[in-house]
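Dear colleague,

Please find below the structure that I am handing over to you.

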4 protein chains.
Amino acid sequence: MKKQLTVGLIGYNFMGKAHSNAWRQAPRFFSLPANLRLKTVAGRSPDRVAEAARQLGWEQSTTDWRTVVEDPEIDIIDITTPNDTHAEIAIAAAAAGKAILCEKPLGYDLAQCEAMVAAVEKAGVVNMVCHNYRRIPAVALAKKMISEGAIGDRIYHYRARYAQDWIADPQFPIVWRLKSEIAGSGTHGDIGAHIIDIGRYLVGEFSEVIGLTETFIKQRPLQAGAGPGLQASASQETGEVTVDDAVSWVGRFKNGAIANLEATRFAYGRKNHITFEINGSGGSLAFNFEDMNRLQYFRKDDPAGLQGFRDILVTEPTHPYGDAWWPPGHIIGYEHTFTNTFADFIKAVVEGTSVQPTFRDGLENERVLAAVSRSAEEKRWITL
Amino acid sequence: MKKQLTVGLIGYNFMGKAHSNAWRQAPRFFSLPANLRLKTVAGRSPDRVAEAARQLGWEQSTTDWRTVVEDPEIDIIDITTPNDTHAEIAIAAAAAGKAILCEKPLGYDLAQCEAMVAAVEKAGVVNMVCHNYRRIPAVALAKKMISEGAIGDRIYHYRARYAQDWIADPQFPIVWRLKSEIAGSGTHGDIGAHIIDIGRYLVGEFSEVIGLTETFIKQRPLQAGAGPGLQASASQETGEVTVDDAVSWVGRFKNGAIANLEATRFAYGRKNHITFEINGSGGSLAFNFEDMNRLQYFRKDDPAGLQGFRDILVTEPTHPYGDAWWPPGHIIGYEHTFTNTFADFIKAVVEGTSVQPTFRDGLENERVLAAVSRSAEEKRWITL
Amino acid sequence: MKKQLTVGLIGYNFMGKAHSNAWRQAPRFFSLPANLRLKTVAGRSPDRVAEAARQLGWEQSTTDWRTVVEDPEIDIIDITTPNDTHAEIAIAAAAAGKAILCEKPLGYDLAQCEAMVAAVEKAGVVNMVCHNYRRIPAVALAKKMISEGAIGDRIYHYRARYAQDWIADPQFPIVWRLKSEIAGSGTHGDIGAHIIDIGRYLVGEFSEVIGLTETFIKQRPLQAGAGPGLQASASQETGEVTVDDAVSWVGRFKNGAIANLEATRFAYGRKNHITFEINGSGGSLAFNFEDMNRLQYFRKDDPAGLQGFRDILVTEPTHPYGDAWWPPGHIIGYEHTFTNTFADFIKAVVEGTSVQPTFRDGLENERVLAAVSRSAEEKRWITL
Amino acid sequence: MKKQLTVGLIGYNFMGKAHSNAWRQAPRFFSLPANLRLKTVAGRSPDRVAEAARQLGWEQSTTDWRTVVEDPEIDIIDITTPNDTHAEIAIAAAAAGKAILCEKPLGYDLAQCEAMVAAVEKAGVVNMVCHNYRRIPAVALAKKMISEGAIGDRIYHYRARYAQDWIADPQFPIVWRLKSEIAGSGTHGDIGAHIIDIGRYLVGEFSEVIGLTETFIKQRPLQAGAGPGLQASASQETGEVTVDDAVSWVGRFKNGAIANLEATRFAYGRKNHITFEINGSGGSLAFNFEDMNRLQYFRKDDPAGLQGFRDILVTEPTHPYGDAWWPPGHIIGYEHTFTNTFADFIKAVVEGTSVQPTFRDGLENERVLAAVSRSAEEKRWITL
């Protein structure tokens with residue numbers, strides 16, 4: 001008989017919605033070795049978490065996340081709370097022997113990340129940080145192709161950019177993501193983190209980095225009725241932005257490839273524009289998230305005169321995750337990247353195996369983020 | 001208190017999977033005026049339909065669709081069975097006073113379509129034929145823009161193509177879709193129907209048509225173990241393809257626009273390539289399903305020197321269905337077109353209003369299909 | 001010692017400018033077996049033709065084209081005059097034993113074309129009709145690829161469209177191209193002719209056709225000071241458009257492929273948008289003139305999972321005409337298609353060999369044009 | 001009566017061919033205030049320069065460039081010789097009172113550049129460094145649009161990349177461009193220089209920079225029969241590459257924008273891939289040289305829901321240089337960028353006005369190049 005796994009979710013906002021969808025959908029589209037029970041969702045506001053439970057498909061809600069972590073029926077703890085609370089919850093969950101899936105970033109800072117890794121490794125529980133973009137089929141295909149030598153045995157360049165435009169207007173008000181004391185980091189940690197993770201996944205470990213960060217709009221309107229530190233008053237109509245608006249940096253990988261990365265929220269017209277290009281000794285790969293069902297591939301050994309970037313529509317049954325979804329040419333969207341991720345996680349939990357990206361990956365990612373930040377502050381190269 | 005609507009599904013294959021997903025997902029992403037109960041799925045094979053119920057999220061299964069249609073608890077009948085069975089089920093459901101959502105094509109032939117329209121109009125039940133591509137956000141945006149005059153007050157051209165490649169290999173075997181006695185029609189009715197519906201939706205009614213159909217590969221391998229009429233034997237290794245492989249035609253709309261349409265399963269590299277372009281007196285629109293989150297828009301009144309097709313990424317909250325899904329730049333996929341469709345259908349059922357495309361739209365679509373077929377057979381223009 | 005060829009040009013407007021450029025540039029970029037002397041340009045207005053001679057690089061000008069045709073020093077007659085004058089000039093040039101390069105269309109009607117073919121074949125002179133788009137490198141590459149089997153041994157579909165927008169505005173005035181008594185034909189003969197020629201070049205001969213033509217704007221403003229029949233007066237402010245604005249048709253080739261073609265001047269945003277797609281049993285090719293240095297190629301035998309349209313940048317030395325121009329990635333433009341054409345013509349003149357497209361090609365093209373026109377007038381299929 | 005300008009060209013290789021073409025073509029397509037006489041071309045090999053004179057359209061040739069510079073008939077000296085010879089020739093030409101057009105880079109090093117600027121400014125002669133990409137119509141349009149506020153009053157990002165692939169194969173032999181003692185610099189100075197110039201042209205002056213350079217393939221085959229330092233021998237089959245293969249850097253502009261630039265010859269599939277994107281407070285612009293007739297433009301003030309990057313086909317008569325060439329949609333190519341440049345230069349010579357980019361621009365460009373090189377060598381930020 002098929003195993004059953006019971007899940008508890010901590011946090012129910014944007015990521016809680018995306019995660020809940022993935023828990024609901026994974027068993028519908030993948031042939032999984034376990035049935036899932038979506039038992040409890042935890043949050044701070046009793047009314048809102050109860051409504052979230054109903055809307056998102058959980059049996060019950062609670063305002064005490066500890067009762068979820070300690071619930072002996074629960075096998076998996078899924079963490080989607082604000083960044084500064086990940087560590088406490090994850091460490092408790094590890095101590096309780098739960099498998100853990102934690103939204104990125106792993107922790108608020110390096111120290112938290114290290115403690116989290118130590119906790120899960122000591123407890124020996126299956127652990128995963130949710131870098132869902134690894135399981136965009138086109139990205140997973142890129143990984144497979146690179147492993148099989150499709151772009152040669154050596155990588156020269158990794159070039160990536162994550163561009164958005166939602167705060168490019170100076171009249172956009174101060175929100176918590178623009179205050180370092182709440183968000184920890186700005187563009188760099190929020191979206192720059194993704195293209196670092198993709199670089200580590202597809203190319204390898206970084207060895208040294210240097211870059212700059214910039215805050216283009218340093219004062220923004222405060223809003224009437226906003227939260228603490230964000231609220232307009234008679235005496236104060238604008239507040240200070242204390243995080244970076246953009247980050248731009250270069251570096252080297254241990255395998256000799258060179259890196260060029262940029263993240264910004266100030267690129268009008270770019271909505272969730274994650275682009276990368278990888279150039280190797282046998283060819284090149286290019287990707288754009290806004291066309292996430294496609295992968296561009298140039299193969300140097302194609303016949304002379306017939307060479308060109310191939311526009312691969314990554315929707316075939318032979319493509320990663322392709323047989324779970326629709327026929328060729330019927331594309332998938334953003335939330336499927338979570339569903340693909342959670343399907344792999346569920347298999348790993350049943351089999352008791354490691355599943356990438358682990359908490360250790362989350363820690364390594366944080367180390368790169370911290371090194372880039374430090375290089376910008378100290379205006380010098382930082383070795384990893 | 002919110003109303004509850006109970007659904008019964010007849011048929012559980014490819015379209016049954018897509019429809020079940022839409023029933024499950026619509027209430028999670030849309031604010032609907034009713035809760036949904038997914039009660040019964042009906043199919044011919046007891047084991048397979050029971051497995052489908054489990055996999056797709058239905059409370060129970062049955063091999064007798066009549067018990068579903070007659071179930072007093074059930075409000076909505078969803079029909080995804082083979083084309084030649086739609087009429088009987090829909091007419092029974094109308095007689096039982098159910099709201100009906102029927103997968104396209106509406107019926108097997110014009111006579112069946114007419115009987116179905118008569119039945120739902122007599123019964124006064126909410127009825128919809130599932131032309132889900134109308135609710136691709138980019139297509140719905142095109143409709144809205146045309147209504148608001150974004151491409152002017154007159155349309156000159158509608159040009160559309162639906163291209164696939166899954167039978168382009170002559171070694172691809174005979175399957176039921178290639179036998180007219182089972183499928184009714186070939187490429188024309190299966191996929192050509194979609195671009196006729198989009199034309200009727202965005203431009204208007206056709207007035208006259210002429211075209212050709214072609215069967216490029218007339219004999220294909222039979223398969224050992226295939227169904228009746230498709231099975232290889234010692235004496236017979238190939239069977240005759242009795243439907244069209246491609247259709248290509250031109251015509252006129254009642255409003256003076258001219259039409260050029262093509263559907264084929266013989267275009268290598270085109271997977272689900274639905275493209276259209278509409279040229280009006282104030283601008284142009286262009287679309288490609290394989291990039292279905294985008295709409296191209298040329299506006300003749302843009303300033304001289306700054307004109308060009310705008311590549312609209314149709315993922316903003318202000319776009320049709322945009323507020324139900326993810327933030328800008330986070331694209332959606334094929335199955336969301338069903339979810340958007342079903343959300344509108346549910347609202348119409350609660351409100352008791354008409355919702356396009358109705359069975360009558362399905363009938364009109366069939367009339368165009370039949371006229372094109374006849375024009376090809378008789379090699380002459382057919383007036384609608 | 002290298003041979004010298006002396007050229008006389010009849011006509012000096014738009015096409016005269018493009019042709020003069022090609023005569024000047026061909027020897028600079030190609031290794032030709034002859035030196036060229038650009039001797040005389042002929043035109044009706046003495047002042048304007050003298051100015052053209054100076055601007056375009058001709059030694060002298062004349063208002064009597066017959067003196068050019070009869071000039072014993074001249075080897076090549078290049079005809080770029082209005083369509084209704086091609087025949088008389090070409091027949092005289094053939095009688096004088098000149099090699100002839102004639103701008104398309106070959107003649108004003110079928111009878112003229114037949115007389116022209118008879119004249120050059122009787123005289124045994126090298127003759128070419130200037131369908132310059134055949135020598136776009138990407139189109140020449142397509143020809144070579146098809147010949148070598150790159151898209152298989154059988155072609156299923158030829159689909160082409162030539163779209164412009166320069167008369168889409170109803171306030172655009174009557175010009176000579178919109179009067180059948182002057183222009184002969186409208187969009188069909190002017191630009192539709194090009195995609196017929198490309199179809200004949202790449203796919204083969206047409207066997208039957210049917211289509212429609214349309215004049216969207218039947219009355220347009222007359223202009224003060226315009227030529228006869230185009231001039232506004234106190235009593236008449238608008239004039240009748242007597243040619244087609246658009247043509248749309250389907251047909252069959254003798255080799256079993258099917259055709260779908262459209263030409264229009266009413267597609268806002270399309271400037272010189274010549275697109276075609278060819279689907280064969282081994283792959284597909286697609287082209288867009290506005291990106292004329294590129295050719296899209298899908299090859300069915302690429303490995304599963306790595307298939308996709310290749311975006312070939314046709315600027316390599318191994319590509320047709322590639323070694324005459326710039327390094328890879330340095331694109332060429334519109335007028336280079338003439339230069340490539342003229343280089344081939346010059347070689348043929350020196351070698352005394354036939355060079356495609358011949359006058360006979362021009363005649364065959366005219367036959368297809370006439371058949372489509374007749375099918376539209378008589379509303380029936382026409383067999384070629 | 002129209003003035004006549006007489007030109008002397010020093011150097012006749014790749015750039016000599018491109019420059020000669022521009023001198024020949026400019027008067028054919030532009031209405032210039034002077035006639036041109038192409039008098040003398042100078043080179044080192046008597047036979048080859050004589051052949052070049054004939055092929056490229058010069059009246060005579062010489063092996064002594066000083067006779068050209070001193071020729072009283074000559075008004076303009078055009079320098080296309082190896083980089084280390086520019087200074088001597090230009091300084092002599094300035095002393096002789098000639099207008100000077102010098103191929104980039106201006107000089108071999110900063111000292112030479114400074115001497116050249118001093119010479120032309122002292123002599124008061126019209127001087128231009130040939131950064132021809134400024135006069136790609138799309139780039140000139142970008143300049144105009146930025147000046148007119150089309151992307152707002154503030155620029156946030158300049159991001160550019162110049163990628164090629166011609167030495168990505170490790171078996172590609174040592175050539176002079178890969179030896180620093182001959183070429184001065186590698187990828188950085190050869191192609192990176194162009195995107196620095198575009199940045200200075202469109203955005204402004206750089207204030208500080210930091211980056212890295214890399215030589216991926218440090219040993220390459222020597223060739224039998226190659227020049228000194230490049231020649232294979234019995235004892236030595238490979239030679240050392242002494243220039244950079246790639247450069248990647250970040251920086252700041254004086255106006256507060258941030259910069260990210262990369263140049264490489266190791267990106268398979270990228271042939272002459274010059275891409276840039278500029279994000280401002282009112283919109284964005286994006287460009288790709290391989291589609292050089294297009295400019296992408298996002299305007300933040302377009303109506304909500306109808307926003308998207310506009311794909312501007314820069315071939316309209318209202319576009320920069322558009323009225324000199326062909327009708328809309330008929331694209332131009334690489335060499336036209338020189339013709340546009342030379343037309344502007346000729347006008348400036350006749351009018352005696354300054355014409356950008358001046359030698360001073362060439363010097364400023366060199367300063368940025370040197371700063372980036374130094375930042376890579378010393379691994380620290382360099383202030384400009």
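A residue is called buried when its relative accessible area is under 20%. Please note that the model is a predicted one.

By that cut-off, D:C102 is buried, with a relative accessible area of 0%. D:C113 is likewise buried, and its relative accessible area is 0%. Which cysteine sulfur is nearest to that of D:C102? The sulfur of D:C113 is, at a distance of 8.8 Å. A disulfide requires two cysteine sulfur atoms within 2.5 Å, and D:C102 is in no disulfide. D:C113 is in no disulfide either. Over all chains, the search of the whole structure finds zero disulfides.

I turn next to chain A. Strand β2 of chain A covers residues 34-42, and seven of these nine residues are buried, so the strand is largely enclosed by the rest of the structure.

On one pairing, strand β1 (residues 3-10) of chain A runs parallel to β2(A), with eight bridges between them. Within this pairing, A:L9 stands opposite A:V41 of β2(A). Between β1(A) and β2(A) the chain passes through helix α1 (residues 14-29) of chain A, and this β-α-β crossover is right-handed.

β2(A) also pairs with strand β3 (residues 60-62) of chain A; the two are parallel and joined by three bridges. Here A:A42 has A:T62 in β3(A) as its bridge partner. Together with helix α2 (residues 46-56) of chain A, β2(A) and β3(A) form a right-handed β-α-β unit.

Yours sincerely

Technical notes
Residues numbered from 1 in each chain as written. Chains lettered and ligands numbered in written order. Predicted model: local features only at pLDDT ≥ 70, side-chain atom pairs only at ≥ 80, totals over all residues. Heavy atoms only, no water. Buried < 20%, exposed > 50% of the residue type's maximum accessible area, 1.4 Å probe, protein only. Helix = DSSP H or I, 4+ residues; strand = E, 2+ residues; numbered from the N terminus. Pairing = 2+ DSSP bridges. Right-handed = clockwise from strand over helix to strand, strands pointing away.
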